[in-house]
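Here's a quick walk through one protein model, element by element. Have the viewer open as you read.

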Amino acid sequence: MKNIPNISDAEWEVMKLIWNDNPRTSEEIISALSPKMGWSAQTVKTLINRLLKKGIIDFEKEGRIYKYYPLISRGDYIRIENKSFLEKVYDGALSMLVSNFLEEESLSEKEIERIQKILEKKKHENQDKKKR
């Protein structure tokens, strides 16, 4: 599922619920989002229908109850969106994106250590590939 449709910010709120716990009924989604977002039941149902039309979610019917579940995992969707963002904004240059963020953002010691560990791991993986 490489060319998946974009999810709007509002649809993302629905997807977070479905990704975190599924299947979910529309009533469960409405009762979770209406107080938090100030949305009517109809607004939430519209968002669910948009996600169905986009092929991001599907449903199983039990009697008169529809239970919604994701057709793509959160991790897969985030990976696809990350690649799309990287291509669109940085012409695919990951080092440019990373250096931009590192220069612009404040990082805690813990975040710096985590980034260093990730970079060391990648460095060792690259060295291992060269040895093969």
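## Ground rules

This is a predicted model, so keep its cut-offs in mind: local features need pLDDT of at least 70, side-chain atom pairs count only at pLDDT 80 or more, and totals for chains, interfaces and linings use all residues. Residues are numbered from 1 along each chain as its sequence is written, and side-chain values use heavy atoms, with hydrogens and water left out.

Helices (H or I, at least four residues) and strands (E, at least two) are DSSP runs, numbered from the N terminus.

## The sheet

Three strands form an open sheet in the order E1-E3-E2, with antiparallel pairing (strands pair if DSSP finds at least two bridges between them). E1 (24-25) and E2 (57-62) are the edge strands with a single partner strand each, so one side of each has no neighbour in the sheet.

E2 and E3 (residues 65-70) run antiparallel and are joined by six bridges. Look for phenylalanine 59, which sits opposite tyrosine 68 in E3.

## Helix H3

H3 (residues 41-54) lies across E2 and E3, at about 110° to E2. Axes here are lines fitted to C-alpha atoms, for helices over the stretch in contact, with angles from 0 to 180 degrees between N-to-C directions.

Val44, Leu47, Ile48 and Leu51 are the buried residues of H3 (buried is under 20% relative accessible area, exposed over 50%, partly exposed in between, with a 1.4 Å probe and protein chains only). They cover an arc of only 100° around the axis, which puts them on the same side of H3; the arc is that of the directions from the helix axis to the C-beta atoms. The face turned away from that buried side carries the exposed Gln42 and Lys53. Glycine 55 follows H3, with a positive phi near 75°.

## H3 against H1

H1 and H3 pack at about 90°, their axes 10 Å apart. That makes H1 roughly perpendicular to H3 (the label for 65 to 115 degrees). On the H1 side the contact uses Ala10, Glu11, Val14 and Met15, and on the H3 side Leu47, Ile48, Arg50, Leu51 and Lys54; contact means heavy atoms within 4.5 Å.

## Helix H4

In H4, the buried residues are Tyr77, Leu86 and Tyr90. Seen down the axis, they fall within an arc of 165°, so they line one face of H4. Their packing partners are H1 (9-20) and H5 (94-104). Lys83 and Lys88 are exposed on the other side of H4. Aspartate 91 comes after H4, its phi positive, near 50°.

Methods:
Angles under 35 degrees count as roughly parallel, over 145 as roughly antiparallel, 65 to 115 as roughly perpendicular and the rest as oblique.
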